[in-house]
Structure formats: structure tokens, C-alpha cells
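Please open the model in your viewer and keep a selection panel to hand.

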Amino acid sequence: MASAYGGPEVLSVIDEAVLDPGPGQVRIAVRAAGVNPFDYKMYSGAFGTDPANLPIRLGAEAAGVVTAVGAQATGPAGPIAVGDEVIAHRAPGAYAAELVVPAASVVPKPAGLSWEQAGGLMVTGVTAVHVLEAIGLRKEETVLIHGAAGGVGLVAVQLAVASGATVLGTASPAKHDLLRDLGAIPIAYGPGLADRVRAAAPDGVHAAADLVGTDEAVDVSVELVADRARIASIAAFQRGAQTGIKLLGGGPGADPGTEIRAAARLRLTQAAEAGRLRILVAGSYPLREAAAAHRQIMTGHTTGKVVLVP
């Protein structure tokens with residue numbers, strides 16, 4: 001948890017008793033918890049520095065084994081039992097060895113995923129689904145995804161390709177082979193980006209997803225996509241509001257997409273179970289080294305998910 005506002009140095013681990021689950025709740029022994037940019041923003045001051053909100057328990061997604069269930073513990077896929085391998089999202093305070101969450105937050109873990117993959121599936125996955133639905137992407141259209149090799153981007157690329165769309169993904173050259181392997185057309189970001197996109201998509205771009213929040217991503221999207229209602233950003237909240245594009249997620253003025261994201265969970269687990277969705281894990285850290293995990297993702301150059309393990 002974060003005991004103060006600041007950098008990763010404010011993080012600490014405490015020992016705390018875990019309660020038995022009440023009606024409609026389950027207790028999970030956590031095997032892996034996903035690390036996401038929102039986690040460090042919570043204590044960085046990005047969302048304010050009200051002392052009344054301290055300490056801040058971190059994490060929103062986890063995978064593990066059910067160790068206890070309350071009465072009427074039924075999730076989106078049906079009744080939940082002790083011993084079930086599950087993924088929990090939304091799961092506030094997921095940076096923990098044990099966790100009590102509403103049964104409504106729990107879905108079955110795909111057997112083909114490792115604990116690390118399962119623990120990092122949901123936050124990026126439901127965000128990717130929300131973005132693609134918000135821009136109304138259809139079969140045989142062309143979409144530009146900024147930050148295609150990031151956590152959300154890798155899922156969005158795979159879902160968009162599977163839908164029959166042509167996907168142009170911006171990334172550093174070192175990540176271009178990965179994007180090609182996933183079915184996207186990689187494009188280097190930086191000066192001249194709009195011209196490179198035009199060369200790769202001479203018939204035009206129908207929609208764009210900004211997953212990085214840079215001025216370049218917003219400007220190029222607005223330049224190339226005729227309908228601003230088909231441009232969405234999960235990060236450029238100030239610029240997005242100025243340009244009239246869609247804003248998604250937890251930022252000011254953004255659409256949280258609560259229902260879309262909740263419904264996406266079973267869609268994602270089914271795709272992963274069927275082998276249609278690859279979850280890349282960039283690294284795992286012991287729970288007590290959460291600060292190091294945060295320092296890694298704060299670089300902005302991580303490919304895939306970082307997770308915490310007991």
C-alpha cells in the first residue's frame with residue numbers, strides 16, 4: 001500500500017488479517033496480480049493529494065484459487081466453489097496474498113493461461129474491448145492504434161485483427177517484429193508519422209485509438225480520421241477534450257464504460273481459452289518488490305504486462 005503521496009518509495013507491505021467472505025463474496029489466495037499505470041498514478045498526486053485518502057491499497061486485478069465462499073456466491077459464469085481457479089476484476093486492493101471480493105467480480109481462469117498471464121489479463125483486456133467498441137470498428141476497415149506494443153495495445157491489435165480489420169500500429173522499431181507476428185502493420189512513431197500512415201494505408205484510415213496520450217497521437221489521429229467520433233483516447237484527457245474526440249476510462253470527463261468492460265471479461269477468457277488471444281508477460285516481481293515493478297512500468301517502454309506474485 002501507499003502510506004503517503006510521492007514516488008514508489010512510499011510503498012510498503014503490511015500484515016493484516018483477512019476476513020471471511022460475507023454473502024455474495026469469495027476469498028481468493030492470490031497467485032498473481034497485474035500492475036497497471038493507474039496504480040502508481042493513485043499515489044503520485046495525479047488524482048490529488050487528499051491526506052484523508054491515505055493509506056491507499058493498490059491493485060485492480062488478480063488471479064488465484066478460491067479458499068472460501070459466502071452464501072449465494074455466484075459470478076458471471078455461475079456458482080463459485082472452493083478450489084476454483086479464477087480471475088478477479090474489479091478487485092480493489094489486489095496487491096495482496098489473500099483477497100475478499102464480490103462474487104460478481106470473479107470469472108473462471110482459462111486453463112491454458114499461466115497464473116502470471118491470468119493475473120495481467122483483465123485491466124488491459126477490458127480497456128481494449130472498450131476502445132474498439134467506442135470507435136465502432138468494423139470488418140474490412142482500417143484502424144490506427146497508437147502505442148500498439150503496450151499492454152492495452154497488444155490486446156487491441158489482436159482483437160482488431162480477429163475482427164477482420166486492417167491494423168496499423170505505432171511502436172518503436174524494436175517491437176515491429178512482434179506486431180507483424182500479431183497481424184498488424186507496424187509504423188514507427190516520431191516526425192513524419194502521418195505521411196508514413198498514409199503510405200501504409202493509401203485508401204485512408206477509418207478510426208484511431210490513442211493509448212499513449214501524446215500530442216503526436218492526437219494530432220495525427222485528428223488529421224487522418226474524418227469523423228472525430230471514431231477517435232478515442234485513454235490518456236490524452238486535456239487534449240482530447242479540446243479536440244472533441246472520445247475519452248475513455250477513469251480520467252476527467254471520460255466514459256468509464258462500466259457495463260462494456262464488465263461484459264468483456266467472459267469474452268476475453270473465452271478468447272484466451274480458445275488460443276485466439278496471447279497475453280505477453282514482461283516480468284514478474286515478488287509482492288514485496290512492488291516498488292521495483294512500478295519503476296519498470298513508469299519507463300513507458302514495457303512490452304506486455306508486469307505482475308506481482310506471492
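Is Glu98 buried, partly exposed or exposed? Glu98 is partly exposed, with a relative accessible area of 34%; buried denotes under 20% relative accessible area, exposed over 50%, and partly exposed the range in between (1.4 Å probe, protein chains only).

Before continuing, note that this is a predicted model, in which local features need pLDDT of at least 70 and side-chain atom pairs count only at pLDDT 80 or more, while totals for chains, interfaces and linings use all residues. Residues are numbered from 1 along each chain as its sequence is written, and side-chain values use heavy atoms, with hydrogens and water left out.

**Salt bridges**

Helices (H or I, at least four residues) and strands (E, at least two) are DSSP runs, numbered from the N terminus. Arg27 is buried, at 15% relative accessibility.

Next, select Glu141 and Arg230, whose side chains form a salt bridge at 2.6 Å, N to O. Glu141 lies in the loop between H3 and strand S8 (142-146) and Arg230 in the loop between helix H7 (215-224) and strand S12 (231-233), so the pair ties together parts that are 89 residues apart in sequence. Glu141 is buried at 8% relative accessibility, and Arg230 is buried at 12%.

Then move to helix H6 (residues 193-200), where Asp195 and Arg198 are three residues apart, about one helical turn. The closest N and O atoms of their salt bridge are 3.2 Å apart. Asp195 is exposed, at 53%, whereas Arg198 is partly exposed, at 38%.

**Helix H3**

Select residues 122-134, which make up helix H3. Twelve of the 13 residues in H3 are buried, among them Met122, His130 and Leu132. Beyond the helix comes Gly136, with a positive phi near 65 degrees.

**A charge over a ring**

Finally, select Lys109 and Trp115. Lys109 lies over the face of Trp115, at 5.0 Å from the ring centre; the criterion is NZ of Lys or CZ of Arg within 6 Å of the ring centre and within 35 degrees of the ring normal.

Terms used. Expected span 1.5 Å × (residues − 1). Salt bridge = Lys/Arg side-chain N within 4 Å of Asp/Glu carboxyl O.
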